[in-house]
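Reader: Please take a close look at the interface between the chains in this model. I would like one connected account of the contacts and of the residues that make them.

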Protein chains: 2
Amino acid sequence: MTAEITAAIERLLLEKQYYSLRALLSQMNEADIAAVFSEVTEDSLPLLFRLLPKDLAADTFALMDTDNQELLINGFSDNELKEVFDELYVDDAADIVEEMPANVVKRILKNTDPKMRHIINEILKYPEDSAGSLMTTDYISLRPDMTVTDAIKRIRRTISEAETVYTCYVTDDSRYLLGYLSVKNLLLAEPNDKICDIMEKTIICVHTLDDKEDVAKNMTKYDFVTMPVVDDERRLVGIVTFDDAIDVIQDEVTEDIERMAAISPIEESYFKTSDFNHARKRIMWLLILMLSAAITGLILTQYEEAFGAVTELVYFIPMLMSVGGNCGSQSSTMIIRGMSVDEIKLRDFFRVVFTEFRISLIISIILAAVNGVRIWLMQGDIKIAAVVSMSIIGIVILSQLIGCALPMAAKKCRLDPAVMAAPLITTIVDAASILIYFSIATHFYNL
Amino acid sequence: MTAEITAAIERLLLEKQYYSLRALLSQMNEADIAAVFSEVTEDSLPLLFRLLPKDLAADTFALMDTDNQELLINGFSDNELKEVFDELYVDDAADIVEEMPANVVKRILKNTDPKMRHIINEILKYPEDSAGSLMTTDYISLRPDMTVTDAIKRIRRTISEAETVYTCYVTDDSRYLLGYLSVKNLLLAEPNDKICDIMEKTIICVHTLDDKEDVAKNMTKYDFVTMPVVDDERRLVGIVTFDDAIDVIQDEVTEDIERMAAISPIEESYFKTSDFNHARKRIMWLLILMLSAAITGLILTQYEEAFGAVTELVYFIPMLMSVGGNCGSQSSTMIIRGMSVDEIKLRDFFRVVFTEFRISLIISIILAAVNGVRIWLMQGDIKIAAVVSMSIIGIVILSQLIGCALPMAAKKCRLDPAVMAAPLITTIVDAASILIYFSIATHFYNL
């Protein structure tokens with residue numbers, strides 16, 4: 001759909017139909033406009049942007065990618081820059097400032113009003129992954145002794161600045177957080193009700209320095225549209241809104257998935273990352289895994305006599321390594337995901353190990369039987385069929401135990417469990433598989 | 001934290017301090033109470049539940065796991081059952097009914113009021129993964145000719161039933177969706193403003209039969225707290241709320257991650273799934289992969305003479321298979337995740353292939369150099385070092401190309417790209433690696 005709209009817009013642009021263009025753009029949602037803007041040529045971007053009505057321009061600007069934002073800022077007059085930034089929500093403004101090169105930041109801060117500049121600076125002081133860096137200071141605060149009528153008056157006065165009015169927070173004069181009130185309950189209340197009588201006093205909040213992933217998890221757990229952020233004295237300093245929480249969840253999932261594939265997390269999108277950066281993010285683990293895999297090769301050298309005597313033994317190496325690796329990565333994946341959605345906790349360690357053990361018994365017997373019959377039928381050699389099948393049973397059980405135990409051990413050591421995913425598990429399991437296989441084989445063949 | 005509260009609650013329960021218990025529970029958030037309830041013994045659950053104030057009881061009930069819900073329902077009198085269900089939001093009620101066995105469903109429907117029963121039946125008619133099955137019918141609808149004062153009166157009258165008042169939807173008499181209005185804009189407007197003059201007319205909505213994953217994606221894209229759901233005639237039939245959208249996103253991610261580890265998606269949580277079910281979800285792919293890996297073994301039989309003559313060649317098999325598998329799974333993971341967050345589209349196919357090709361050149365040269373030097377230094381055999389290094393170059397390039405092309409090909413064929421992840425890629429790449437390695441080796445050693 002975006003492709004068609006982009007084509008229509010480019011055609012109007014070519015025909016200089018600016019009036020129709022403006023009408024078309026004004027009817028679109030900012031997210032769709034940002035998507036179109038990421039497709040058009042760099043030359044036409046500033047012109048298109050200037051066609052947008054003022055508040056739609058700021059909303060769209062906040063959703064554009066960093067490169068295009070920088071391009072536009074560089075083309076802006078100081079006045080235009082000020083206009084766009086004054087319309088932005090402070091958390092979006094802070095996000096943009098964080099991504100820009102130093103000279104652009106300087107120009108932005110010079111051209112925003114002092115209050116906004118102060119808030120941006122405050123937000124930028126918080127550590128990158130903290131609740132403080134994620135929050136906005138555009139929230140509505142009420143006093144406990146206000147009546148509902150006072151509160152609605154105050155909301156009407158401050159609302160245009162606030163990103164959200166889903167929940168109002170109640171604080172005392174020193175900003176100490178006392179409670180909160182949903183707009184729903186405000187609308188339901190009688191005009192003379194006191195805020196302190198109708199507010200919700202069970203406060204769930206996060207600290208400015210809390211990890212943003214925990215903030216997002218808590219918001220999901222409590223189904224909160226906004227989460228209050230407090231300082232050491234439980235003074236309200238900002239709120240995190242659900243749209244930022246969803247972005248955090250998506251980013252964390254991407255990071256987990258990349259880590260599970262032995263890729264160091266990449267900050268930019270796929271196409272924005274340079275080839276060298278892509279290579280850099282992948283090479284470290286590849287080197288570690290390659291050198292670790294050489295150990296499996298070393299183990300093989302110990303059994304040179306064995307496969308010198310019975311060459312057939314070599315043929316089953318890839319299959320056994322593959323079975324072990326797959327079983328191990330299935331187990332580790334289940335456990336890593338289970339831990340990241342809090343279904344599995346550290347104290348469940350033995351329960352998990354026993355569960356995986358029982359599952360591995362079922363799986364190993366089926367795989368051993370299918371494979372034993374296959375080898376026996378295809379090669380008519382019951383001895384090698386027995387050796388391979390017995391190896392499969394040992395390898396599957398061991399792989400699943402390693403696969404479930406290592407991610408939990410990593411978490412216990414405060415490492416990211418996702419590091420103990422398929423690639424590392426496979427490498428460890430490979431070596432173990434070769435050992436099990438040749439121990440059984442040398443025993444059976446008296447080698 | 002939950003563990004400590006659970007302990008405190010169990011102590012109070014033992015001491016029969018019901019008054020304190022009730023006071024303690026009343027102050028807690030429903031999500032925390034549900035977490036505690038999943039920890040306590042089955043015997044104490046009905047008693048604890050009856051200590052909750054009525055509306056907190058319903059909110060908590062909606063968040064409990066299916067087993068505990070069933071346990072409670074079976075213990076409820078018809079009257080209690082009616083009380084709890086009448087307090088539930090209809091989408092939660094429909095979710096619960098969907099999970100219950102037939103006899104329990106019968107009892108629930110018998111004891112809910114006719115209007116709720118009708119709505120539950122309507123929601124249950126929609127396909128499982130559709131927007132219709134996810135929506136709630138508890139929304140606030142306004143008419144275009146109302147004034148702001150009328151609208152606020154109507155909201156106050158219908159609000160207690162509505163799950164959310166973040167956005168009100170404007171419809172005509174036949175429920176045709178005309179626009180929407182955020183509470184923020186409603187509060188900002190003048191009392192005599194007409195709704196049709198202040199409402200937002202750019203309507204973004206989903207159809208009852210749209211896939212719920214697309215609904216969640218759209219809500220994330222537009223930062224919507226609620227998304228209107230319409231039928232074929234664009235009549236408003238319900239709304240999807242952001243909490244359900246986040247659950248959909250989390251479930252889809254879990255499904256993707258499981259599929260990427262060759263596990264068929266599991267509906268229940270880890271501990272709720274029986275051993276046989278766990279095994280069943282893993283065994284199919286293990287069998288397919290095991291039998292495919294046997295092909296790699298067959299390829300090896302073709303080179304019996306080669307490693308009969310140069311036994312050393314065997315030692316490097318595990319390492320080369322590992323390098324190929326890891327490179328392939330890195331590429332496929334990047335592409336699968338990129339496609340699922342819409343960063344990479346099908347039309348980017350050649351761009352992706354060229355990018356991966358360039359990355360693979362950088363990576364293969366580094367890996368080949370490190371490994372060549374290591375083998376040369378450790379074994380003093382420059383010939384085998386050269387063979388292994390050249391193989392690494394070929395294997396890395398081929399693996400990354402296979403790793404990026406197959407997930408995109410799967411998507412083109414309307415399959416889930418996640419199926420083309422590490423396990424299958426590794427198996428395919430293993431066979432290719434062995435072929436490349438022995439072709440180079442036989443050539444170099446004139447075997």
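**The interface between chain A and chain B**

Chain A and chain B bury about 10,100 Å² between them, and 70% of this area is on carbon and sulfur atoms. The model is a predicted one. In terms of residues, 103 from chain A are in contact with 103 from chain B.

The polar side of the interface can be counted as well. Between chain A and chain B there are 28 residue pairs in polar contact, both residues being at pLDDT 80 or more. Helix α17 of chain A (residues 275–301) gives the largest share of the side of chain A that touches chain B, with 17 residues. Ten salt bridges are counted between chain A and chain B, while the count over all chains is 38.

Three of these pairs follow. In one of them, B:Asp275 and A:Arg358 meet through their side chains, with 2.4 Å from N to O.

A second salt bridge links A:Glu190 to B:Arg156, at 3.4 Å from N to O. This pair crosses between chains: A:Glu190 sits in the loop between α13 (183–188) and α14 (195–198) of chain A, and B:Arg156 belongs to helix α12 (residues 148–158) of chain B. A:Glu190 has a relative accessible area of 44% and is therefore partly exposed. B:Arg156, with 30%, is partly exposed too.

In the third, B:Arg347 forms a salt bridge with A:Glu39, and their closest N and O atoms are 3.9 Å apart. Because B:Arg347 lies in the loop between α20 (317–340) and α21 (349–379) of chain B, and A:Glu39 in the loop between α3 (30–37) and α4 (44–50) of chain A, the pair joins two chains. B:Arg347 has 58% relative accessibility, so it counts as exposed. A:Glu39 stands at 36% and counts as partly exposed; the cut-off for exposed is over 50%.

B:Val370 counts as partly exposed, since its relative accessibility is 32%.

Some salt bridges lie within a chain. In chain B, B:Arg259 is bridged to B:Glu255, the closest N and O atoms being 3.6 Å apart. Both residues are in helix α16 (residues 242–260) of chain B, four residues apart, which is about one turn of the helix. B:Arg259 has a relative accessible area of 24% and is partly exposed; B:Glu255 is also partly exposed, at 27%. In chain A, a network of salt bridges links A:Asp65, A:Asp67 and A:Lys272.

B:Thr147 is found in the loop between β1 (141–142) and α12 of chain B. B:Thr147 is buried because its relative accessible area is 19%, and buried means under 20%. Apart from neighbours within four places in sequence, B:Thr147 is in contact with B:Pro191, B:Asn192, B:Asp193, B:Lys194 and B:Ile195.

Key. Residues numbered from 1 in each chain as written. Chains lettered and ligands numbered in written order. Heavy atoms only, no water. Salt bridge = Lys/Arg side-chain N within 4 Å of Asp/Glu carboxyl O. Buried < 20%, exposed > 50% of the residue type's maximum accessible area, 1.4 Å probe, protein only. Contact = heavy atoms within 4.5 Å. Buried area = accessible area lost by both parts, 1.4 Å probe. Polar contact = N/O pair within 3.5 Å; in protein donor to acceptor, adjacent residues only side chain to side chain.
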